[in-house]
Amino acid sequence: MRLRSLVAAVAATALGVSLAACGGGDSGSDGGSGGDQTLTYWASNQGTSLDNDKQVLTPVLEQFTKDTGIKVNLEVIGWNDLQTRIQTAITSGQAPDVVNIGNTWAASLQATGAFLPFDNDAMTAIGGKDKFVPTALATGGKAGEDVTSVPLYGLAYGLYYNKAMFAAAGLQPPKTWEEMVSAAQKLTNPAKNQWGMALAAGSYTENVHFAFINAAQNKADWFDASGKPTFTGDGNVQGVLRYLDLMQKDKVANPSNAQYDNGTKSVNDFATKKVAMVINQNNADSSIVANGMKAGEYGVVPFPAPAGGEPVASHVAGINLSVFKNTKHKDSALKFVKYMTDAQTQTTLGKPFSSLPVLKDAKPVFTTDAAEAAIFQDIYNTKSKPLPLVPAEDQFESTVGKAMNGLFAKIATGGTVSADEVRAALKTAEDQVAAGN
């Protein structure tokens, strides 16, 4: 079941299946002080494995129990299963108290009505909205409504570059799109299988992220104020074409990148020095180093906009926390959310999970490189924009992202893609989304 189907599903549950079963604890009502209560917490996989997450989180949760007397029943769920598990929990009523969500799901899940709104009282209970980075908190739900999720782990895209390659070519880190393309062209030599950039051009999730970012640099939106899709606007079309042209017109990316169905493959090409640049999120550091590239061999700058464009370098990526509305332990669940989003816990988890802090004035600890840390935190705080905060966001991701997969595949096999063809592909995606709402 897609997220867009959940509004109708939850309406059906109001007539039949009760959501009153939400909440993993079975030790009685929430008395506020904890007692022998047990919260159930579904955590998304952030580390190298599900077991690694358990090892990282267990002492953190044990400290929460020590501080409050509230026990936490932890289940770590892989990304391939998490969305389905949440959907099933909403419709069946067999739900945890607190759950991680991908922050791009926030508006879709908010529309189901199954999650606790963080109104003034709830927000005060977790420490107040002013503690969060504003762009991070903005991912929590539809604008103008009380959010139903709050930020937990932050991520942002950056442009990684090989310092030695740039120095050998007499190049400076690019500050504009035009400088990035020029540098990539100088560092591309197909005869030696050397390329200026690597793209995850077969990953619909990566592709839609860059469709969004490039369109935002053009001051374009994918939905209007009423939530209607507006995919075929000139700014969107030109933004997508600009990104496709890295392989098509600029010829700085290997056509074989059209088969790269996840970001790890392009990061590995960068780490093994087959390419000079890659665009990835800050948690790519661990993969880069694991593949043999030393931390001092690469630098990072914001993903550049064209000269005169909006300085949007990333979408606001990351993980949010939500509380199921019908939890039996609301006060305890809010205490848990407060604990997970306090400064000390953020610092404790920031290193093993390679995340950016979601709190104002907090310092990132995912790297020991102070310059890199500052760059990524600035991107996250000031150069990021949330993906569309509409219930159909999940359909935007799948339709536009998969359309771009097809366009890249055509380019990779020797075809050319015009602006009109981009517009036609986006029109098909727009029609699919409109038909589903």
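Student: Which residues of α17 are buried?

Tutor: In this predicted model, Val422, Ala425, Leu426, Ala429, Glu430 and Val433 are the buried ones in α17.

Student: How do you know that they are on the same side of α17?

Tutor: Look at the arc around the axis: they cover only 145°, which puts them on the same side of α17. On the other side, Asp420 and Ala435 are exposed. The cover over the buried residues includes α10 (234-244) and α16.

Student: What span does α17 reach, and what span is expected?

Tutor: Helix α17 runs over residues 419-435, which is 17 residues. From its first C-alpha to its last it reaches 24 Å, close to the 24 Å expected at 1.5 Å a residue.

Student: Why is Trp79 called partly exposed?

Tutor: Its relative accessible area is 35%. Buried needs under 20% and exposed needs over 50%, so with 35% Trp79 falls in between and counts as partly exposed.

Student: What makes Trp79 and Trp105 an aromatic pair that is edge-to-face?

Tutor: Take the two values in turn. The rings are 5.7 Å apart, centre to centre, and a pair needs centres within 6.5 Å, so they pair. The planes are 75° apart; over 60 counts as edge-to-face, so that's the label.

Student: Which parts does this pair tie together?

Tutor: Trp79 lies in helix α3 (residues 79-92), while Trp105 is in the loop between β3 (98-102) and α4 (106-110), so the pair ties together parts that are 26 residues apart in sequence.

Student: Why is the pair of Tyr161 and Phe166 called tilted?

Tutor: Here the planes are 55° apart, with 5.1 Å centre to centre. Stacked would need under 30 and edge-to-face over 60, so 55° leaves tilted. Both Tyr161 and Phe166 are buried, by the way.

Student: How many aromatic pairs does the structure hold?

Tutor: It holds 21. Ring pairs also link Tyr157, Trp177, Phe210, Tyr243, Phe303 and Phe408 into a cluster.

Student: What about the largest nonpolar core, how many residues does it have?

Tutor: That core has 115 residues, and among those with the most contacts inside it are Phe118, Val150 and Trp222. Helix α16 (residues 393-412) gives the largest share, 7 residues. Apart from this core lies another, of 15 residues, including Ile77 and Ile90.

Student: Where does pLDDT stay under 50?

Tutor: Over residues 4-29. The protein as a whole averages a pLDDT of 90.

Key. Residues are numbered from 1 along each chain as its sequence is written. This is a predicted model: local features need pLDDT of at least 70, side-chain atom pairs count only at pLDDT 80 or more; totals for chains, interfaces and linings use all residues. Side-chain values use heavy atoms; hydrogens and water are left out. pLDDT is the predictor's confidence in each residue, from 0 to 100. Contact means heavy atoms within 4.5 Å. A nonpolar core is a set of buried Ala, Val, Leu, Ile, Met, Phe, Trp, Tyr and Cys residues joined through side-chain atoms within 4.5 Å. Buried means under 20% relative accessible area, exposed over 50%, partly exposed in between (1.4 Å probe, protein chains only). Helices (H or I, at least four residues) and strands (E, at least two) are DSSP runs, numbered from the N terminus. The expected span of a helix is 1.5 Å times one less than its number of residues. The arc is that of the directions from the helix axis to the C-beta atoms. Rings of Phe, Tyr and Trp (its six-membered ring) pair if their centres lie within 6.5 Å; planes under 30 degrees apart count as stacked, over 60 as edge-to-face and the rest as tilted.
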